[in-house]
Amino acid sequence: MKKYLKFDDQVVLLHERKELQKYLEFRKENDVWVQPYIKESAVIGIEDHPLFLSQYFSENGIGINEESSECVRDTGLFLSFPVNGERTIYPTRHTAFASICQRAGLSGPTISNFMETSFKKVLPVTEKAAWLTRGFSLYAQKCNILIRDGKVSAMMSGGYSVLPADELINALEKELEKEHSQLEMSCVSISHEYLNVEYLLNDPEADASFSLLLQDFGLNGKVKTGIGFATSDVGLSRAYVYPFFMMDEHKTRFGDSIGIEHEGKNDVETFTKLLPQADSLFKEAEDQIEKLGNTVINSVPHTVRNIVDKNKSLFPKTFAEDVVSSLTLTSGNAIDVYLALNDIVENYITSRGNDPTVALTLKDRLSKYLYVNFEKYDN
C-alpha cells in the first residue's frame, strides 16, 4: 500500500494549492473504508520481544514489514476483520485505539494504560486483545474502519459519516470565492489526526475594516483576514471553518466556528448549506472585539496571570511567565488580555513542533475566551 505519511507521528506542511490537490487525490485513491460487523472483528496482541517477533508474526498470519514492527513498538494491537469475504489483518496506529475500545464497549485505565509505574502494572497486550475481542463479540452493529498508509487509523461506529476532504474543501473554496475573488491558500498541516487548511481572503475592504477596528484600541499594524478549515477522519473533531487574522505575520484565532459532526445523515451537502454563514463569523467577532476593546482593565499583567492560574491546562505557566514579563502596559483593555493569552498558546504550540492536534485543540479552547468577562480576573 502506498504511504503519504511515512511514520505515525509525522506532520507535513504545505504552502502550494497544487501540493494540497496532490494530497487530496492521494487520499481519494488510496484510503480504504470498509464496513464489517463489529462481532466479526478481532484484535491480536503481539508482545515486543525482538528475538521472537518473526515467530509471533508467522504464527498469527501477520506480514513482516515496517508497519507491523512500528505497531509492536506502539500499542502491539492488530485488527482482524473480513474484506470482500476474506479475513485480513492490519496493524493499528495510535489514532485507532480509542475507537477500537469504543466498539468493544470498554474504557478506563486498565485497558488504556501502556505505561508501567511502581504503583501500577500494565495489562499484557495479549490480554488486552482478548478483552477487546470479547467485547466485539457482543455487538451486532456494523462499523466503519479506515485503512490509511498501511494501517488501521480508526474503527468508527456504523453511524459515522465519512466526509471526503476534497469535496469539503472544494465546496468551501467555491463559496469563499463568491465574495473574495483573490482568495489564497496560505498553509496546510497534515497529520494522521487532522487536516488543517488556512486561507487568506486578500480582501482590501475586509482587511481595512478589521484594521480600523483594531486601531481604535491602539493596535497598529498590517492586518490580513483569513478563514481556516479543519477536519479529522479518526473521530477527533467535526468538519468546521473558523476565522482568524494576521497582524505583522502574527496569527490570532478569534470568534466562533461553523461546521458539522461526522455522524448521522450529515454529508457534504449539509456542510455546503452552512458555508454562507462564514462571512458572518467576522461580523459577530468584530462586535465582540469592540466590546472587549471598550472594557477597561486596570492591570493587564495581573489579569493574565489570574487567568493562567485558573486555567493551567490551556495556558502553561512557563510560557505564561515569559509573556507576562514582556507586557509593557500596566492598564489597558480586554483585547490586550486576549492577545497576551493568544501569545501564550502560540508559543506553546511552537514548542510542540506545530502539531496540528495540539494547535487546533488549544486554539478551539482559546477562541471561547473572546466571550469571557475579563473584568472578574482584574483584581
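These are my notebook entries on a predicted model of one protein chain.

**Entry 1: the whole chain**

I started with the overall picture. The chain has 379 residues, and 51% of them count as buried. I then looked up the secondary structure and found 14 helices and 15 strands. Along the principal axes, the C-alpha atoms fill a box of roughly 70 × 55 × 35 Å. I also wanted to know how contacts relate to sequence. Among contacts with a separation of 6 or more, 68% are between residues 24 or more positions apart.

Next I picked strand E8, which covers residues 184-190. Is this strand mostly covered or mostly open? I found it mostly covered, with five of its seven residues buried.

Which strands pair with E8? One partner is E1 (residues 12-14), which runs antiparallel to E8 and is joined to it by three bridges. Another is E9 (residues 195-200), also antiparallel to E8, with six bridges between them. E8 and E9 make a hairpin, and four residues lie between the two strands.

In E9, Leu195 stands opposite Ile190.

**Entry 2: helices H11 and H12**

I moved on to helix H11 (residues 300-310) and helix H12 (residues 317-326). Their axes come within 10 Å and cross at roughly 175 degrees. Angles over 145 degrees count as roughly antiparallel, so that is how H11 and H12 lie to each other.

Which residues meet here? From H11 I listed Pro301, Val304, Arg305, Val308 and Asp309; from H12, Lys317, Ala320, Glu321 and Val324. Sorted by class, this contact holds five nonpolar and four charged residues, and no polar ones.

**Entry 3: Arg93**

My last stop was a single residue. Where does Arg93 sit? I found Arg93 in the loop between strand E5 (86-91) and helix H4 (97-104).

Is Arg93 buried or exposed? Its relative accessibility is 1%, and buried means under 20%, so Arg93 counts as buried.

I then looked up what surrounds this residue. Leaving out residues up to four places away in sequence, Arg93 touches Asp8, Asp74, Arg148, Asp149, Lys151, Val152, Ser153 and His192. For Asp149 I noted one more detail: its backbone oxygen lies 3.4 Å from a polar atom of the Arg93 side chain.

To finish, I checked a residue from another part of the sequence. Asp287 is 194 residues from Arg93 along the chain, and their C-alpha atoms are separated by 44 Å.

Methods. Residues are numbered from 1 along each chain as its sequence is written. This is a predicted model: local features need pLDDT of at least 70, side-chain atom pairs count only at pLDDT 80 or more; totals for chains, interfaces and linings use all residues. Side-chain values use heavy atoms; hydrogens and water are left out. Buried means under 20% relative accessible area, exposed over 50%, partly exposed in between (1.4 Å probe, protein chains only). Contact means heavy atoms within 4.5 Å. A polar contact is a pair of N or O atoms within 3.5 Å; within protein, one must be able to donate a hydrogen and the other to accept it, and residues adjacent in sequence count only if both atoms are side-chain atoms. Axes are lines fitted to C-alpha atoms, for helices over the stretch in contact, and angles run from 0 to 180 degrees between N-to-C directions. Angles under 35 degrees count as roughly parallel, over 145 as roughly antiparallel, 65 to 115 as roughly perpendicular and the rest as oblique. Ala, Val, Leu, Ile, Met, Phe, Trp, Tyr, Cys and Pro count as nonpolar, Asp, Glu, Lys and Arg as charged, and the others, Gly among them, as polar. Two strands pair if DSSP finds at least two bridges between them.
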